[in-house]
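Here are some exercises to work through with the model open beside you. Try each task before reading its solution.

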Amino acid sequence: VSPRTARPGAGLAIACVFGGALIFWAALIWASIRNKPGWEGILTGVFAGGFLALLIILGGLSLVVSVFVRGYSSRPAQPELAAVQGDLAQTLAELEAIRKRTIAQINLSAVWRVPICLALGYVAWTVTRKPGDDPTEIFGFLFLGACAGYAWAAHRLEKAYRRLYKQRVLPKLAAQFGALEWRLARPPLDDFRRHRLFPEWDDCQSEDEIAGEYRGLPLSVMELRLTKGSGDDEKTIFHGIAAALTLPRGLRGVTVVAPDRGVFGNFAERLRGGPCQPVRLEDPAFEKAFEVYATDQVAARALLTPAFMERFLAFAKSGRFGAPVALVQDNRLLMALSVGGGRNLFEPPSYLKPAAARDALAQLTGDLEAVLRAADAVIELDFAATRAAAPTP
Amino acid sequence: MAEEGPFMNAIGWIAVVVAAIGLYAWYAAIVQRRNRVSEALSGIDVQLSQRHELIPNVLAIAKRYLAHEQQLLSDIARLRSEGSQRLGATDPKAISEKFAAENELSVGLGRLFAVAENYPELRSEKLMSEAQATYQEVETNVAAARRFYNASVTALRNACQIFPGPLLAGLAGAGQMPPFFEAPAAYRGPVNAAEHL
């Protein structure tokens, strides 16, 4: 256990915390008496102010300890690291050191940003208050100010830490599943728009892409979120996984498989024109569930063999993902699979958690497994189709 | 009664105009579907010619190992030659004959690759395995072209055989129905799962 020693200035910081809390308490008693003269005002000020002053002391002391006392850590990170071996353990140890530096930087930054925002909160309260307003409303303003100050101090550093965590840990986790690596996602948005894979969207959020060779095929899997509108009117058009795979086939042209949009939706889609023509297929169940458009009728059917259609339908009905959307450009098959829930995939742990936190690593590994299961399903779709299409003497 | 005359006349004219527009739309649909069948037929020819182009290479490799399968090899060469001459046929009878010959050729090629499976040296020949992979790709495309063609023929037949289609089919140049391109009978039989286990 490393010895814990205080940095110079710790005593002064503690005195400031207690002093500030006392001044705050006194101010509150004064405001309360002014608002309601008599015993009621005094008691309200003493007890409510005392409680809040106590909270300020606790928060302040915690901050002082984390900033001024060396060797302090809210959680022991070493036991978590023991479960991870090799390169990953080394990387996590480095990240743990960076995380601690990040916390220290955030706290140092918060030391002046939080008071500034508290002052701004006080100014906002004085500007907006009216005669007869409850003076305790000031606590709301101060609380918001303190939160804003801390968020201001943490935002940039936290973002940098999370980005770094992804860049260093995800490639190592991905490598356990094959010749895969993590990189910043570059979704083919122009193709999505040109072939109208999704209804109109305004904004695309896509950060993470797992790419490389998987089961002998070039693969790329990325998380994708498409939204329309902004603020309260923001609507998620698509949230899920886009898995792109280069098939060992001689396909050509463009084929789009999209969920059926109903009689009027399909008619409107056809009226919009474009290079792709509707493809009528023999499988009535598939025809009912999906609309297919293609630049080459024969190539579309070479891809959408009866076996492929059957498995595609079974995949859509499996419930693991929402209705799949497929775009095939020559031999490149891209499938967009919507996922339920609003949780983002590949989210690194917060800087408040140890870098080697077991639950966070398990979550990231689980996310990788989920996207690779989606890739497996896409690969199986085509393997089954080509096996079924192979003539049997 | 005197006022009903012009009103009835107007309704009659409207009915005639609506019927004329309907008949023209039906006629246009038949022409469109007939052209779609022609497009699908030419798509089949493209795929069949790819199959034909593959055969000389396959035969050249197979001859080195399958000397005692001369009959099979010469049958395939003959069927290829006949099939090549029939490419581009537009007459329904000639199209039927072409499809029958191509099915025969497909069965012959399937048998050749099945026989090749019994010769490890031939199977391990790099060119042969490449040819087999290409053959599977070509057959997938032939099957896809066949499905497109059959779907187009079904649509044309529906338009020609549902009233008023029979009145317009001859006028639209679709008097004779093109045949369906059936898969070879050998491939349509029941599958013995035990053979694949």
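**Exercise 1.** Find how many residues of strand β6 (residues 254-259) of chain A are buried, and which strands pair with β6(A).

*Solution.* Strands here are DSSP runs of E with at least two residues, and helices are runs of H or I with at least four, numbered from the N terminus. Next, look for partners, where pairing takes at least two DSSP bridges. Strand β9 (residues 325-329) of chain A runs antiparallel to β6(A), joined by 4 bridges; there, V254(A) is partnered with Q329(A). Strand β8 (residues 290-294) of chain A is also antiparallel to β6(A), with 5 bridges, and F290(A) is the partner of P259(A).

This is a predicted model, in which local features need pLDDT of at least 70 and side-chain atom pairs pLDDT 80 or more, while totals for chains, interfaces and linings use all residues. Residues are numbered from 1 along each chain as written, chains are lettered from A and ligands numbered from 1 in written order, and side-chain values use heavy atoms, without hydrogens and water.

**Exercise 2.** Identify the salt bridge across the interface of chain A and chain B.

*Solution.* First, the contact (heavy atoms within 4.5 Å) takes 20 residues from chain A and 18 from chain B. Then apply the salt-bridge rule, a side-chain nitrogen of Lys or Arg within 4 Å of a carboxyl oxygen of Asp or Glu: 1 is found. E282(A) and R147(B) form a salt bridge at 2.8 Å, N to O.

Methods. Buried means under 20% relative accessible area, exposed over 50%, partly exposed in between (1.4 Å probe, protein chains only).
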